[in-house]
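Colleague: I would like to understand the words used for helix packing. Can we go through them one by one?

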Amino acid sequence: AMGGNHTQPKFILLGITDTPWAQAPLFGLFLLIYIITLVGNVGLMVSVWVAPSLHSPMYFFLAHLSLADVCYSTVISPKMLTDLLFGNKTISWAGCLTQFHLFALFATAECHLLATMAYDRHVAICHPLLYITVMSPRACWQLVAWSYLVASLSALIYTSCMFGGSFCGPHRVDHFFCDASPMLRLVCSDTRGSEAAIFALATANGLGTSVVILLSYGHILHTILGMRSAPSRARAFRTCGSHLVSVSVFYGTLFFMYLQPASRHGSRDKVASVFYTVVSPMLNPFIYSLRNKEVKAALGKCRKRVLNHC
(Lines give C-alpha, C1' and ligand atoms only; values in the text may rest on other atoms or scores of the structure.)
Protein backbone atom coordinates (compact mmCIF):
# COMPACT_ATOMS: atom_id res chain seq x y z
CA ALA A 1 0.00 0.00 0.00
CA MET A 2 3.06 2.24 -0.18
CA GLY A 3 2.99 2.49 -4.00
CA GLY A 4 2.42 6.12 -4.86
CA ASN A 5 1.25 9.10 -2.89
CA HIS A 6 -2.34 8.46 -3.95
CA THR A 7 -2.48 5.29 -1.85
CA GLN A 8 -1.10 6.89 1.31
CA PRO A 9 -3.73 6.64 4.02
CA LYS A 10 -5.14 9.63 5.84
CA PHE A 11 -5.31 9.31 9.62
CA ILE A 12 -8.01 10.47 11.99
CA LEU A 13 -6.77 11.87 15.29
CA LEU A 14 -9.41 11.03 17.89
CA GLY A 15 -8.14 13.87 20.08
CA ILE A 16 -8.11 14.27 23.85
CA THR A 17 -11.83 13.66 24.26
CA ASP A 18 -14.85 13.17 22.02
CA THR A 19 -17.22 14.87 24.50
CA PRO A 20 -18.79 17.73 22.47
CA TRP A 21 -19.22 20.22 25.34
CA ALA A 22 -15.56 19.82 26.40
CA GLN A 23 -14.13 20.96 23.03
CA ALA A 24 -14.59 24.72 23.52
CA PRO A 25 -13.22 24.94 27.09
CA LEU A 26 -10.27 22.75 26.10
CA PHE A 27 -9.63 24.94 23.06
CA GLY A 28 -9.59 28.03 25.32
CA LEU A 29 -7.30 26.38 27.86
CA PHE A 30 -4.79 25.04 25.32
CA LEU A 31 -4.77 28.27 23.32
CA LEU A 32 -3.92 30.18 26.50
CA ILE A 33 -1.19 27.67 27.40
CA TYR A 34 0.27 27.86 23.87
CA ILE A 35 0.33 31.68 23.89
CA ILE A 36 2.01 31.70 27.33
CA THR A 37 4.52 29.10 26.04
CA LEU A 38 5.43 31.23 23.02
CA VAL A 39 5.60 34.53 24.92
CA GLY A 40 7.53 33.01 27.84
CA ASN A 41 10.09 31.08 25.82
CA VAL A 42 10.63 33.71 23.11
CA GLY A 43 10.90 36.33 25.87
CA LEU A 44 13.55 34.24 27.59
CA MET A 45 15.49 33.71 24.34
CA VAL A 46 15.44 37.43 23.52
CA SER A 47 16.54 38.34 27.08
CA VAL A 48 19.49 35.95 26.92
CA TRP A 49 20.42 37.38 23.53
CA VAL A 50 20.16 41.08 24.52
CA ALA A 51 21.20 41.21 28.18
CA PRO A 52 24.98 41.07 28.71
CA SER A 53 24.38 39.84 32.29
CA LEU A 54 22.93 36.63 30.80
CA HIS A 55 25.86 35.92 28.45
CA SER A 56 26.99 32.85 30.38
CA PRO A 57 26.89 29.13 29.51
CA MET A 58 23.95 28.46 31.84
CA TYR A 59 21.73 30.94 29.98
CA PHE A 60 23.10 29.92 26.58
CA PHE A 61 21.81 26.39 27.25
CA LEU A 62 18.58 27.78 28.69
CA ALA A 63 17.96 29.71 25.45
CA HIS A 64 18.37 26.49 23.47
CA LEU A 65 16.02 24.69 25.86
CA SER A 66 13.47 27.44 25.19
CA LEU A 67 13.99 27.03 21.45
CA ALA A 68 13.35 23.27 21.72
CA ASP A 69 10.23 23.99 23.83
CA VAL A 70 8.86 26.47 21.28
CA CYS A 71 9.55 24.05 18.42
CA TYR A 72 8.00 20.94 19.85
CA SER A 73 4.95 22.64 21.30
CA THR A 74 4.45 24.24 17.85
CA VAL A 75 4.65 20.81 16.23
CA ILE A 76 1.68 19.72 18.37
CA SER A 77 -0.43 22.61 19.68
CA PRO A 78 -1.63 24.40 16.48
CA LYS A 79 -2.90 21.12 14.97
CA MET A 80 -4.56 20.15 18.25
CA LEU A 81 -6.18 23.60 18.50
CA THR A 82 -7.58 23.55 14.95
CA ASP A 83 -8.93 20.02 15.59
CA LEU A 84 -10.68 21.21 18.75
CA LEU A 85 -12.03 24.31 17.02
CA PHE A 86 -13.19 22.87 13.69
CA GLY A 87 -13.57 19.21 14.58
CA ASN A 88 -11.66 18.31 11.39
CA LYS A 89 -9.41 15.65 12.82
CA THR A 90 -7.82 14.18 9.70
CA ILE A 91 -4.09 14.37 9.08
CA SER A 92 -2.31 13.18 5.96
CA TRP A 93 0.30 10.40 6.02
CA ALA A 94 3.03 12.97 5.27
CA GLY A 95 1.64 15.32 7.92
CA CYS A 96 1.63 12.55 10.48
CA LEU A 97 5.17 11.50 9.59
CA THR A 98 6.43 15.10 9.79
CA GLN A 99 4.70 15.72 13.11
CA PHE A 100 6.08 12.54 14.66
CA HIS A 101 9.58 13.15 13.28
CA LEU A 102 9.85 16.75 14.51
CA PHE A 103 8.34 15.89 17.86
CA ALA A 104 10.83 13.04 18.34
CA LEU A 105 13.68 15.34 17.30
CA PHE A 106 12.90 18.22 19.68
CA ALA A 107 11.84 16.01 22.61
CA THR A 108 15.13 14.07 22.32
CA ALA A 109 17.08 17.33 22.00
CA GLU A 110 15.37 18.51 25.20
CA CYS A 111 16.63 15.41 27.08
CA HIS A 112 20.20 16.07 25.95
CA LEU A 113 19.98 19.81 26.70
CA LEU A 114 18.71 19.08 30.22
CA ALA A 115 21.66 16.72 30.70
CA THR A 116 24.05 19.37 29.35
CA MET A 117 22.63 21.91 31.82
CA ALA A 118 23.14 19.47 34.69
CA TYR A 119 26.76 18.98 33.62
CA ASP A 120 27.18 22.78 33.41
CA ARG A 121 25.90 23.19 37.01
CA HIS A 122 28.19 20.34 38.10
CA VAL A 123 31.28 22.09 36.69
CA ALA A 124 30.18 25.47 38.11
CA ILE A 125 29.65 24.16 41.64
CA CYS A 126 32.20 21.34 41.93
CA HIS A 127 35.06 22.84 39.86
CA PRO A 128 34.51 26.63 39.94
CA LEU A 129 38.17 27.44 39.12
CA LEU A 130 38.06 25.34 35.94
CA TYR A 131 34.63 26.60 34.87
CA ILE A 132 35.77 29.25 32.38
CA THR A 133 38.13 26.85 30.59
CA VAL A 134 35.85 23.78 30.61
CA MET A 135 32.74 25.73 29.57
CA SER A 136 34.38 27.84 26.88
CA PRO A 137 32.07 29.29 24.17
CA ARG A 138 33.41 26.65 21.79
CA ALA A 139 32.65 23.81 24.22
CA CYS A 140 29.12 25.20 24.74
CA TRP A 141 28.44 25.23 21.00
CA GLN A 142 29.83 21.69 20.68
CA LEU A 143 27.55 20.43 23.47
CA VAL A 144 24.49 22.02 21.87
CA ALA A 145 25.48 20.73 18.42
CA TRP A 146 25.91 17.25 19.88
CA SER A 147 22.43 17.46 21.46
CA TYR A 148 20.86 18.31 18.09
CA LEU A 149 22.95 15.75 16.20
CA VAL A 150 21.99 12.84 18.47
CA ALA A 151 18.38 14.02 18.40
CA SER A 152 18.35 14.20 14.58
CA LEU A 153 19.81 10.71 14.16
CA SER A 154 17.45 9.26 16.81
CA ALA A 155 14.43 10.92 15.17
CA LEU A 156 15.41 9.45 11.78
CA ILE A 157 15.58 5.95 13.26
CA TYR A 158 12.30 6.36 15.21
CA THR A 159 10.51 7.64 12.11
CA SER A 160 11.78 4.91 9.79
CA CYS A 161 10.77 2.26 12.36
CA MET A 162 7.30 3.76 12.65
CA PHE A 163 6.53 4.56 9.04
CA GLY A 164 8.52 1.79 7.35
CA GLY A 165 5.63 -0.70 7.40
CA SER A 166 2.16 -0.33 5.94
CA PHE A 167 -0.88 0.79 7.91
CA CYS A 168 -4.18 -1.08 7.88
CA GLY A 169 -7.58 0.57 8.24
CA PRO A 170 -9.35 1.93 10.19
CA HIS A 171 -6.76 4.70 10.42
CA ARG A 172 -8.01 6.04 13.74
CA VAL A 173 -5.24 7.29 16.02
CA ASP A 174 -6.43 7.26 19.63
CA HIS A 175 -4.46 10.36 20.56
CA PHE A 176 -4.22 14.10 19.87
CA PHE A 177 -1.00 13.78 17.86
CA CYS A 178 0.88 11.09 15.92
CA ASP A 179 2.70 9.47 18.84
CA ALA A 180 4.58 6.16 18.81
CA SER A 181 2.31 3.79 20.75
CA PRO A 182 -1.06 4.70 19.14
CA MET A 183 0.57 4.70 15.67
CA LEU A 184 2.24 1.30 16.13
CA ARG A 185 -1.18 -0.21 16.86
CA LEU A 186 -2.23 0.64 13.30
CA VAL A 187 0.68 -1.07 11.53
CA CYS A 188 -0.36 -4.30 9.71
CA SER A 189 3.05 -5.94 9.53
CA ASP A 190 4.81 -7.43 12.55
CA THR A 191 5.91 -4.52 14.72
CA ARG A 192 8.03 -6.43 17.25
CA GLY A 193 11.30 -5.43 15.56
CA SER A 194 10.34 -1.75 15.28
CA GLU A 195 8.99 -1.69 18.83
CA ALA A 196 12.19 -3.22 20.16
CA ALA A 197 14.32 -0.71 18.21
CA ILE A 198 12.24 2.29 19.36
CA PHE A 199 12.21 1.04 22.95
CA ALA A 200 15.99 0.43 22.95
CA LEU A 201 16.80 3.83 21.49
CA ALA A 202 14.32 5.68 23.72
CA THR A 203 15.79 3.89 26.74
CA ALA A 204 19.34 4.75 25.64
CA ASN A 205 18.41 8.43 25.21
CA GLY A 206 16.24 8.65 28.33
CA LEU A 207 18.42 6.62 30.68
CA GLY A 208 21.70 7.90 29.20
CA THR A 209 20.75 11.53 29.81
CA SER A 210 19.19 10.82 33.21
CA VAL A 211 22.37 9.04 34.34
CA VAL A 212 24.36 12.19 33.43
CA ILE A 213 21.84 14.26 35.40
CA LEU A 214 21.89 11.95 38.44
CA LEU A 215 25.70 11.72 38.51
CA SER A 216 26.02 15.50 38.16
CA TYR A 217 23.58 16.10 41.01
CA GLY A 218 25.23 13.42 43.14
CA HIS A 219 28.52 15.32 42.89
CA ILE A 220 26.77 18.67 43.36
CA LEU A 221 25.01 17.47 46.53
CA HIS A 222 28.27 16.06 47.88
CA THR A 223 30.05 19.39 47.22
CA ILE A 224 27.23 21.52 48.65
CA LEU A 225 27.02 19.49 51.86
CA GLY A 226 30.76 19.94 52.27
CA MET A 227 30.53 23.75 52.06
CA ARG A 228 31.28 25.61 55.28
CA SER A 229 29.14 28.73 54.85
CA ALA A 230 25.34 28.56 54.86
CA PRO A 231 24.89 31.42 52.32
CA SER A 232 27.03 29.71 49.69
CA ARG A 233 25.17 26.44 50.31
CA ALA A 234 21.87 28.24 49.81
CA ARG A 235 23.15 29.95 46.66
CA ALA A 236 24.33 26.64 45.20
CA PHE A 237 20.98 24.99 45.94
CA ARG A 238 19.17 27.95 44.34
CA THR A 239 21.02 27.66 41.03
CA CYS A 240 20.12 23.96 40.85
CA GLY A 241 16.56 24.13 42.15
CA SER A 242 14.91 25.40 38.98
CA HIS A 243 16.73 22.91 36.78
CA LEU A 244 15.72 20.02 39.06
CA VAL A 245 12.05 21.05 38.90
CA SER A 246 11.97 21.10 35.09
CA VAL A 247 13.87 17.79 34.91
CA SER A 248 11.33 16.18 37.25
CA VAL A 249 8.29 17.38 35.27
CA PHE A 250 9.75 16.38 31.90
CA TYR A 251 11.34 13.04 32.78
CA GLY A 252 8.58 11.96 35.16
CA THR A 253 5.91 12.07 32.46
CA LEU A 254 8.23 10.79 29.69
CA PHE A 255 9.21 7.71 31.67
CA PHE A 256 5.60 7.10 32.60
CA MET A 257 4.76 7.13 28.88
CA TYR A 258 7.57 5.30 27.19
CA LEU A 259 8.97 2.87 29.71
CA GLN A 260 5.83 0.79 30.09
CA PRO A 261 4.83 -2.14 27.86
CA ALA A 262 2.46 -1.44 24.96
CA SER A 263 -0.35 -3.47 26.55
CA ARG A 264 -0.48 -1.08 29.52
CA HIS A 265 -1.08 2.05 27.43
CA GLY A 266 -4.51 3.57 27.90
CA SER A 267 -6.42 6.81 28.34
CA ARG A 268 -4.09 7.95 31.17
CA ASP A 269 -1.44 8.31 28.46
CA LYS A 270 -3.23 11.30 27.01
CA VAL A 271 -3.09 13.07 30.36
CA ALA A 272 0.63 12.29 30.73
CA SER A 273 1.23 13.39 27.11
CA VAL A 274 -0.51 16.72 27.73
CA PHE A 275 1.99 17.25 30.54
CA TYR A 276 5.17 16.89 28.55
CA THR A 277 3.92 18.18 25.18
CA VAL A 278 1.89 21.17 26.36
CA VAL A 279 2.40 21.97 30.06
CA SER A 280 6.15 21.36 30.46
CA PRO A 281 7.20 23.80 27.67
CA MET A 282 4.99 26.46 29.27
CA LEU A 283 6.43 25.90 32.77
CA ASN A 284 10.13 26.13 31.91
CA PRO A 285 10.31 29.95 31.50
CA PHE A 286 8.45 30.37 34.81
CA ILE A 287 10.59 27.82 36.60
CA TYR A 288 13.78 29.57 35.48
CA SER A 289 12.78 33.21 35.60
CA LEU A 290 10.76 33.32 38.81
CA ARG A 291 13.55 31.71 40.81
CA ASN A 292 16.24 33.82 39.24
CA LYS A 293 17.16 37.46 39.96
CA GLU A 294 19.34 37.86 36.86
CA VAL A 295 16.59 36.72 34.49
CA LYS A 296 14.02 38.91 36.24
CA ALA A 297 16.28 41.94 35.91
CA ALA A 298 16.97 41.23 32.22
CA LEU A 299 13.26 40.75 31.47
CA GLY A 300 12.55 44.05 33.21
CA LYS A 301 15.15 45.81 31.03
CA CYS A 302 13.73 44.25 27.86
CA ARG A 303 10.23 45.36 28.81
CA LYS A 304 11.45 48.94 29.35
CA ARG A 305 13.19 48.95 25.96
CA VAL A 306 10.08 47.70 24.19
CA LEU A 307 7.85 50.25 25.95
CA ASN A 308 10.25 53.09 25.14
CA HIS A 309 10.13 52.17 21.44
CA CYS A 310 6.33 51.98 21.37
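The talk below takes helix pairs in turn and ends with a cavity.

Modeller: Keep in mind that this is a predicted model. Two packed helices are described by the angle between their axes and the distance between the axes.

Colleague: Why is α2 called roughly parallel to α5?

Modeller: Helix α2 covers residues 57-86, and helix α5 covers residues 137-163. Their axes cross at roughly 25° and come within 10 Å. Angles under 35 degrees count as roughly parallel. So α2 is roughly parallel to α5. The crossing of α2 and α5 is right-handed.

Colleague: Which residues make the contact of α2 and α5?

Modeller: From α2 come Pro57, Phe60, Phe61, His64 and Leu67. From α5 come Cys140, Trp141, Leu143, Val144 and Tyr148.

Colleague: How do you know which classes the contact of α2 with α5 has?

Modeller: Phe, Leu, Trp and Tyr are among the residue types that count as nonpolar. The contact of α2 with α5 has 9 nonpolar, 1 polar and no charged residues.

Colleague: What makes α5 roughly antiparallel to α7?

Modeller: Helix α7 covers residues 192-225. The axes of α5 and α7 cross at roughly 160° and come within 9 Å. Angles over 145 degrees count as roughly antiparallel. That makes α5 roughly antiparallel to α7. The crossing of α5 and α7 is left-handed.

Colleague: Which residues of α5 meet α7?

Modeller: They are Val150, Ser154, Ile157, Tyr158, Cys161 and Met162. On the α7 side are Ser194, Ala197, Ile198, Leu201, Ala202 and Asn205. By class, the contact of α5 with α7 has 9 nonpolar, 3 polar and no charged residues.

Colleague: Why are α1 and α2 called roughly antiparallel?

Modeller: Helix α1, residues 20-50, packs against α2 at about 160°. The axes of α1 and α2 are 9 Å apart. The cut-off for roughly antiparallel is over 145 degrees, so the term applies to α1 and α2. Their crossing is left-handed. The contact of α1 with α2 has 21 nonpolar, 7 polar and 1 charged residues.

Colleague: How many cavities of 30 Å³ or more does the structure hold?

Modeller: The structure holds 4. The second largest cavity has about 70 Å³ of space.

Colleague: What lines the second largest cavity?

Modeller: Leu13, Gln23, Met80, Asp83 and Phe176 are among the lining residues. α2 gives the most to the lining, with 3 residues. By class, the lining of the second largest cavity has 5 nonpolar, 2 polar and 2 charged residues.

How values were computed:
Residues numbered from 1 in each chain as written. Predicted model: local features only at pLDDT ≥ 70, side-chain atom pairs only at ≥ 80, totals over all residues. Heavy atoms only, no water. Axes fitted to C-alpha atoms, helices over the stretch in contact; angles between N-to-C directions. Helix = DSSP H or I, 4+ residues; strand = E, 2+ residues; numbered from the N terminus. Parallel < 35°, antiparallel > 145°, perpendicular 65-115°, else oblique. Left-handed = near helix turned anticlockwise from the far one by under 90°. Contact = heavy atoms within 4.5 Å. 1 Å grid on protein atoms, 1.4 Å probe; cavity = no way out; pocket = protein on both sides within 12 Å on 5 of 7 lines; lining within 4 Å. Points joined across faces, edges and corners; volume = space filled by probe spheres on them.
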